[in-house]
Amino acid sequence: MEPGSAKRRKIGHSRGSESAVGNIDAAASSGLSRGRAFILEAEELVDEVKLDYATALEGVDSLLHKIKGSIEAIEAHDALQISEAATKLEKKHKIQIPFPEPRPSDKSNYKVAFAKPSQFNVVGSYVSKTMIKAQKSHAVDMVVVIPGETLQEKDYLDLRYFYKRAYFLGVVAAALQKDLAEDGELSYEYLNGNTLSPILSLKLKVEGEKKEGRLDYRVRIIPCAPDNFFPKSKLHLGATLVRKAGGDESKAATKPTPFYNSTVVSESCFFPYLKLLRQTEKKCAAFKKACILGRVWLQQRGLGSDMADGGFGHFEWAVLLALLLQSGDSTKGHAPLSTSLSATQLFKAMVQFLSVTNLSEKSCVLGTAAVESETAGPVLFDAVRGLNIAFKMSNWSAAKLHQHAKWTRSLLNDSTADQFTPTFILKADLPWQNYDLIAHLNYDGKQDKTEPIDCRGRLWEYSDKVHRVLKRALQDEELGERARSIHIQLPKSSPWDLTKKPSTKQNHTIEIGVLFNAANMTRSVDRGPAAGPSNEEKEECARFQRFWGEKSELRRFEGDSIRETLIWSSTSPFDLCEEIMRYILKLHLRVAYLEDELTFHGDGFTELIPIKPTDTSVFNAARKAFSSFEKDIRDLDDMPLHWPESIVAIQRTKIAFLRMIGDLLERSKPGEVRSYVGLESSTTTNTELENLAYLDIVYESGPAFRLRIHSDLEEALLTRQSHDKTIDQHHRHQASVLLSNFRRLYYHLPLHTQSINTFATRFPAFSPTVRLLKHWFSSHKLASHFTPDFIELVALQTFLSPYPWDAPSSPSVGLLRALLFLSRWDWRSEPLIVDTNSDMPPSERSAIATRLEAWRKIDPLMNHTVLFVATAQESSGVAYTTVNGIAQPSKVVAARMTALAKTACRVIREEGVELDARRLFVPSTKEYDVLMHLSPKAIKAVSKVYPSEELTSTTTKSSSGSKYKNLSATAGEDALPLPSAPVDTFFEKLEQVYGSGSSAPLLFFRGGEEEKVVGAIWNPTLGRRGLKVNLGTSYKPVKSAGKRKLGGDEKDDEDKEKEEEEQLVEVNREAILSEIARIGGELVERIEVQRE
């Protein structure tokens, strides 16, 4: 589509750091030059998504005061043994205390007390006013500081603080349950999915009719530790702070606990970060807007602060941006980003920073600090506050963030693309548009006897093992990485009632998404390390064997090199990936012994159109045969090179040339070649000006080619005739149509074929994507209305302009993105511009858009031009969507294409991973007025013609045939190539008579050659009308419709008017259908009328 013209819709639904910081200045300083349109649209977006807080969060301030008063009124009590205090509270108030696992034992000596909170404050997006309308949920966060006198300095050890925090929360919950019973419903939930940090959630009751614009928000009560209460020096990422969880001395641990340590630090960072953000808001006027843009960008990609959403959301974005706007020791007194930058410049700078900072591979320290990050996972360390901002992230979510940032940076660097819509509007989090294979791994917690090390839970640690194993198996650079990305999606935690304990569900489903490296995924042999004599080589081979097990074997390759080798039996990319995943997970994690333990999704699309490894060899054989045929033609001698100065004479001369070529070929290769001259089907009424014949050349070895002759003089004569004003308009129009067909056949299609061939080599997934997309058009009976080259260009657009993703690496992803494009393309006002050369200047793009506007003014009803498609080689916009002077498709068919694509996208969203690919290809026939059922037997009978039948065409089959198949005259013969499929020819003729032009009574819908049911709808504009000549189709009279006054010369007397009845007629539908059945003969099995 034309850049910047996408249809707007509201969103409803340390050293490593120095290199990154060095790059964002360049991005920010050059931001304005990359498109004023992006800046204006982004500013408009911010205005659109902002909340009216007085209406949306009506009553929240009074509710916060009420909550504060209720908590302050809670009676304090002295320290009690934790099990005694918990039992007393739970029995008295009939609630559960949300202790983290493992719960404190009854023998624990920990004591808890309650005192009035030392401080209250409201934090988060409500304070900064950076909420947006389209958030998944809206919450106002109130922080309640646990008084220091109830805590001890060493409470950071062994979950002591978190036990006391949970008890404090239970006491608050008991009080609020009593005081706020009429205001709303209280429940527990985990803060950002962290099981160490339960919080209280109050959802308001709405009485009466909901006020327009008011949101269903909730208030979250978050206990926290006082600022700097725990010594930061004891909470570094390499410390081991959980040694005897639950008070059990027998369970001592020695491994570092970076997640636990960071959670403790984060408990005392609410106010420092609130102060940081408020200061940044005052210094940088565009900070809030940049945060809103960041929130939208993250949300559209499925990223958020919750651990299940990746652990990087709006808060992390805002804090990181604020830190980049601060000066410090590591920046030599200068901030990496200037506070004078605009919102879009800040957004682009953040995207640039995230695109060059891969937290899954290298730590990033903001400030000056020594960080032990070997076992900490992703690290984005704030040296001043001592917190790893990315502590909730996993390696796979950090890789996902980095990947999306790279894709967005590529988009923002593309000055020819529509930068705004893919960045902020398109939902980029649908699994089937991000991953080529999706697997579901069933996790049974009852079978997992391992003890969690770092308080993330068994499920998370098991998922981390799965990711590490798959990353080594599929992303080993030494073997040649098969996958570009491996992502794991874990289930989200849910709120629970105050009277219940959190869910202890043991069975979970882990979702694994794999994005293929199309260049390497088809590899069936992996060459490992060389089996050399050195100790290093021996150790490397041993390490390889330990990981791959019995699959590894020694093999000799060229040059007498002996290597550890992996041989896989599968051939397709999907099957290869499945085979590798099943083997390696079974080997290392003891899973997939049962078939339903590990299920795979995504191969349903390729099953619709089987793609075999032999396809490439067959294609190469065809190209080789064509090269041989080309050589045979070029080697012919005695070819005349003169043309007459007349189009009619040229067409007849072509026939002589074709016969001569056929004779010369047969003489030069006796017994190897047969040739047949065939007659073309006429496209206009003046057949003398058209190409009349073609030559079919059949090699005995199998290949067959159809030859037509191109004459430059013919184009010149047609051009002259189409501009000759001395002849009538009708003949000039015929010449223009023939000229357009000539250029399409001899110029546009050859160039198009060369271009498609190039991209099929460049993008391995492109060819099967085209096949799937053509199958989709055919399945929904649209194929006859669209040229194959148009469908190929739609598929190509998803590869050349894939934003907000990268180019598809599997046919399933390519198809779904093509359907997404078709569902969003506003072809009424936007051209499809496919920049096949990647260098189309803006001026040419603008000229194409202007050309479409001119067409719409000339032809507002779109009778002559509907879809406007331009490429670097053909910029007129109509060469791929106009055939024989008729728009393909018509406006009605183009609208149906859009509607079907939107329906398909809706099904994809609703079904998610469980999508059955076959559903997208099931046609609906209820919209058609008439269904024509074709006879498969008759189709098969008329689809083959044999040489002996051609020679004995004057003899009836009954006289020349035999009842024994092995005695048939055609036995052992190969069928001759047909000019076109008989079914296609039949319906082409029907469309010329009944389905072409505004006065056509029927519009036919059919798919490919194997289509057995053809749909048709009656033209609704052909209603009853007065009888007159040249009505255009078959009509029949209907009953009288009143009187018509005669006037002028028809009056016999001025005082007396003579009246006569006017005869009305209507389309004779029964006669038309009967005529179609008669013409079709045995080909038409029956005609079903669905509605009159």
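**Figure 1. Helix H10 is largely enclosed by the rest of this predicted model, because twelve of its 14 residues are buried.** Buried here means under 20% relative accessible area, exposed means over 50%, and partly exposed lies in between (1.4 Å probe, protein chains only). Among the buried residues of H10 are Phe287, Cys291, Leu293, Arg295, Trp297 and Gln300. Helices (H or I, at least four residues) and strands (E, at least two) are DSSP runs, numbered from the N terminus. H10 covers residues 287-300, and its end C-alpha atoms are 20 Å apart, which agrees with the 20 Å it should span at 1.5 Å a residue. That expected span is 1.5 Å times one less than the number of residues. Just after H10, look for Gly302, with a positive phi of about 75°. As this is a predicted model, local features need pLDDT of at least 70 and side-chain atom pairs count only at pLDDT 80 or more, while totals for chains, interfaces and linings use all residues. Residues are numbered from 1 along each chain as its sequence is written, and side-chain values use heavy atoms, with hydrogens and water left out.

**Figure 2. Helix H7 (residues 160-179) reaches 29 Å from its first C-alpha to its last.** For its 20 residues, 28 Å is expected, so the two values are close. H7 is largely enclosed by the rest of the structure, because 17 of its 20 residues are buried.

**Figure 3. Helices H22 (residues 729-762) and H24 (residues 788-800) cross at roughly 35°.** Their axes come within 11 Å; axes are lines fitted to C-alpha atoms, for helices over the stretch in contact, and angles run from 0 to 180 degrees between N-to-C directions. Residues in contact (heavy atoms within 4.5 Å) include Arg744, Leu749 and Phe759 in H22, which meet a set in H24 that includes Asp789, Leu793 and Leu800.

Figure 4. At 9% relative accessible area, Met862 is buried.
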